[in-house]
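The following exercises concern a predicted model.

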Amino acid sequence: MRRTLVLAALAALALPTAASAKEITALTLCGTDGCHKITARAALRGFMDGGYETLAPKQAGPFFNVKATMRAAGEEAGGWTVQYLRAANLIRAQADYGKHVWTRPAGATTQALRAAARRLQPYPAEKLGPVREPPPVAVEDPPARVSRPASGGGSSHLAIAGGGATAAIVLLAGAVVARGRRRHPG
């Protein structure tokens, strides 16, 4: 009985409580003429867990800003803003080193974003900036380092000694194996 109580207590400590888990509480989609708040659970869950990474569009298009609001341990925990291109059904998020990640949102999230965007005017494509990352700058390889050839006809005395030591170790190991077989016939 005591063991059961200890195991139950450990299991309870291992499970995160609902209040301490981070979750998105709202998405606020904004255009040039206002904002619309999305609170549907399926859309919020799909925003965090659904969708998949994809390639950037070939060119910029009209877009909306989407602010995700987070909550942790029952308190406001900040958030972040991404851009939503309705026509391409793509979300652009800021990544490391000023780069961007493009994702295609999950079904419930797509439906909620499109419904909210119907009532708003998007920002013009020119305000989005470049959608494709510039190619990396080509860097020339440094010149090859040329070392001076070893004296003595191109061979190093140290290399010959190292090769000789390796040969001696191999011969010694072979002798030990042969000696062991003579003592313990198989």
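**Exercise 1. The disulfide**

Task: Determine the handedness of the link of Cys30 and Cys35, and state whether Cys30 is buried or exposed.

Solution. 
Step 1. A disulfide is a covalent bond between the sulfur atoms of two cysteines. Here the sulfur atoms of Cys30 and Cys35 are joined at an S to S distance of 2.0 Å.
Step 2. The angle about the S-S bond is 110 degrees, and the link is right-handed.
Step 3. Cys30 has a relative accessible area of 15%. Buried means under 20%, so Cys30 is buried.
Step 4. A search of the whole structure finds one disulfide.

**Exercise 2. The faces of helix α2**

Task: Identify the buried residues of helix α2 and explain why they line one face of the helix.

Solution. 
Step 1. Helix α2 covers residues 41–49, and its buried residues are Ala43, Leu44, Gly46 and Phe47.
Step 2. Viewed down the axis of α2, these buried residues fall within an arc of 165 degrees, so they line one face.
Step 3. The general rule is that an α-helix has 3.6 residues a turn, so residues three or four places apart point the same way.
Step 4. The face turned away from the buried side carries the exposed residues Arg41, Arg45 and Asp49.
Step 5. The buried residues of α2 pack against several elements, including β1, β5 and α3.
Step 6. Just after α2, Gly51 takes a positive phi of about 80 degrees.

**Exercise 3. An aromatic pair**

Task: Classify the arrangement of the rings of Phe47 and Trp80.

Solution. 
Step 1. The structure holds two aromatic pairs. In the pair of Phe47 and Trp80, the ring centres are 6.3 Å apart and the planes stand at 25 degrees.
Step 2. Planes under 30 degrees apart count as stacked, so this pair of Phe47 and Trp80 is stacked.
Step 3. Phe47 belongs to helix α2 and Trp80 to strand β5, so the pair ties together parts that are 33 residues apart in sequence.
Step 4. Phe47 is buried, with a relative accessible area of 14%, whereas Trp80 is partly exposed at 33%.

**Exercise 4. The partners of strand β7**

Task: State in which sense β3 and β7 pair, and in which sense β6 and β7 pair.

Solution. 
Step 1. Strand β3 (residues 52–54) pairs with strand β7 (residues 100–104) in the antiparallel sense over three bridges. Within β7, Trp102 is the bridge partner of Thr54.
Step 2. Strand β6 (residues 90–94) pairs with β7 in the antiparallel sense over four bridges. Gln94 stands opposite His100 in β7.
Step 3. The hairpin of β6 and β7 has five residues between the strands, and Tyr97 there takes a positive phi near 55 degrees.

Notes: Residues numbered from 1 in each chain as written. Predicted model: local features only at pLDDT ≥ 70, side-chain atom pairs only at ≥ 80, totals over all residues. Heavy atoms only, no water. Disulfide = S-S within 2.5 Å. Buried < 20%, exposed > 50% of the residue type's maximum accessible area, 1.4 Å probe, protein only. Pairing = 2+ DSSP bridges. Helix = DSSP H or I, 4+ residues; strand = E, 2+ residues; numbered from the N terminus. Arc of directions from axis to C-beta. Contact = heavy atoms within 4.5 Å. Phe/Tyr/Trp six-rings, centres within 6.5 Å; stacked < 30°, edge-to-face > 60°.
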